[in-house]
Each structure stands twice: as C-alpha cells, then as structure tokens.
Amino acid sequence: MVTVSLSAEGSDWVIRVGDEGEGIPADALPRLFRRFSRIVDEGRDKPSGVGLGLLIVKTVAERHGGSVAVDSQLGQGSTFELRLPLRSAAVPGVTAWKHVSVGVRATCAVATHGDLYCWGSNQYGQLGVAGTEDRLLPNQVALSGWDTVEMGNYRVGARRTDGSFYYWGVNAASSPTQVAGNDWVLVDNTGFGECGIKTDGTLHCTFQGVAGTFQAGSANDWVSIVGPGYPYCALNSQGAVGCFVNNGSNNGFNSSPAIDPSSGWSQLVSGDQSVCGLRNGTERHCRGYRQLGSLGDGFDERVPTAVVH
C-alpha cells in the first residue's frame, strides 16, 4: 500500500510518500540521492532507470529552498519526505489592495497607497515591466498614484488618480503609454484594446493595430463600459446600449457604436464573442456567437442543425 499526505508544518509544506515494501538497506541510504546511484541487492529484481530520479527531486527541492529526506526500515517500508517553504506573495510596504483585474494567465492589482503591481504571464508585455519574462511574484509597474486597472486579452488599461489614462501590452509598448488628456473618469479594457469615458461623457477607444485614440460616436452621455470581450459595448445614462460591430474596415471595428434604442438596461457583461444583459429588472437577453450554448437558448453552433424544406 502507498500513502501520500500533504500538511503545513511550521514554515513548510510537507509532502510524505510512504510504502510497506521491502525497505532500503541502511548502508545504501547515504548514496541514495547521488548521481547514477541504484540499489542492487541479491534476491531483488534488477532496478530499472539510470539513477537520476531522486537526484533531480533533491536538486529542484533545494533550488526552491526546500529539502528531501527518506526514512526506511528493512521489512517495513520507506517514507520519502519533501519539504518546501510556505511562501507568501506579500509585497513590502503593501498592507491592503483596492482594485484587482485578471487577464489571460496574468493579474494586476492596485494597492491602497496607489502603487500598481502585476504578475503571471508576460508574453506580450502585459505586465507593464521590461522584457517578456513571466513573473511569479508581483512586480511594480512604473509611476504611482494608480486608481484602477483593467486587463483584457494580453492588453491592459489603467487610470491614475490625476485623471490620466495609460495602456500597454500586445501591439503596444511593454511600459505604460499615456492617452492624451487628464480628464478620464472611467477606463476599461475591451479585450483587444481600451476604452475610456471623459468628464464630458464622451467615449474614446484605442484598439490593437489602430493608431491613436478615436472618439466613439458623438454622444456625450456614456456612463459605463462593458469588457473584456467581443462585441464591445457601453451603456448611456438612459440605459441604452451602444456596441461596436465588425464592418470590415478600421481593423474590423466601427468607430461609431450602433445604439440600441431600447432602454432599461441595468447591467451588461461580455465574454468571448457574446454579450448578455439585464433589462427592466427581470429580462435576460444575450446576443453573439452561441458556440457551446453560451447564449442560453438551447443551441450549440458546433452541432449541425437540420434544415427543413
């Protein structure tokens, strides 16, 4: 019988793997973790392998600040013990967080004192720090005084308390690039770009592959942005919805949202190629691509539907 256990002991995680086998001779224990070491004993089957497995375990454990040990008694079995330090992702000087956003295999968070930290995958520079190496612990993004941060598909938009708006990531610099103006009241990430609402209620966006920022339509009563996902939508003060649609130009996006004249919308959320919302308090509506039944209407576009003539 083999038993496996995991526990926290003091400052370590401890993993123990034990068996009730033949045990290991005492004179073999000191060389058990050496390179190319194998136990050969009369009456036992010839061991397989080349004698590197336990050495690799020991090397990896020690490089993570841990250790590996074994306790064995002939005729009673063996227990291998792996210890790894309990690590906290605590950031020096940070006592609390006020805003967090999760993207594709990456996370960014704003501390209460205004510093911004990101960690995880950095393949496209979405962590806002130099290089493209992944970061396992929070790394501070340049500048200070951050208010909110929004992550999308390898792209990030963030607002500072002075009203400035920055973005970085795929098809952009790996460090924060400022969008003109210091009059932004709300920013959000639409998955492949960022949108922001200014103090005058106008909506402006920047998308991957489209130079600069463009104003989305002429309306000046936008109050919220829906992201990340596709299509990209926003709500105005009357509860009406405006969405960007693919029109084959301008990198596939309209610079003027198609506004649904119906009102009463109170909440919108978007995902991968679909958007759902609540209207008039009780109605649920979805639109977009229904693969995997994501629209909740009982249909799945992966499944062929019979055509009735």
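C195 and C205 are both buried. In this predicted model, a disulfide joins the two residues, with a sulfur-to-sulfur distance of 1.9 Å. The link of C195 and C205 is right-handed, with 105 degrees about the S-S bond. Because C195 belongs to strand 14 (residues 193-198) and C205 to strand 15 (residues 203-207), the pair ties together parts that lie 10 residues apart in sequence.

The structure holds two disulfides, and the other is formed by C108 and C118, whose sulfur atoms are 1.9 Å apart. Here the angle about the S-S bond is 110 degrees, and the link of C108 and C118 is right-handed. The pair connects distant parts of the chain, with C108 in strand 6 (residues 106-111) and C118 in strand 7 (residues 116-120), 10 residues apart. Both C108 and C118 are buried.

Four strands make up an open sheet, arranged in the order 1-2-4-3 with antiparallel pairing. From one strand to the next, the twist averages 15 degrees.

Within this order, strand 2 (residues 12-19) and strand 4 (residues 77-85) run antiparallel and are joined by seven bridges. As for individual residues, W13 has L84 in strand 4 as its bridge partner.

Definitions and conventions
Residues numbered from 1 in each chain as written. Predicted model: local features only at pLDDT ≥ 70, side-chain atom pairs only at ≥ 80, totals over all residues. Heavy atoms only, no water. Pairing = 2+ DSSP bridges. Helix = DSSP H or I, 4+ residues; strand = E, 2+ residues; numbered from the N terminus. Axes fitted to C-alpha atoms, helices over the stretch in contact; angles between N-to-C directions. Disulfide = S-S within 2.5 Å. Buried < 20%, exposed > 50% of the residue type's maximum accessible area, 1.4 Å probe, protein only.
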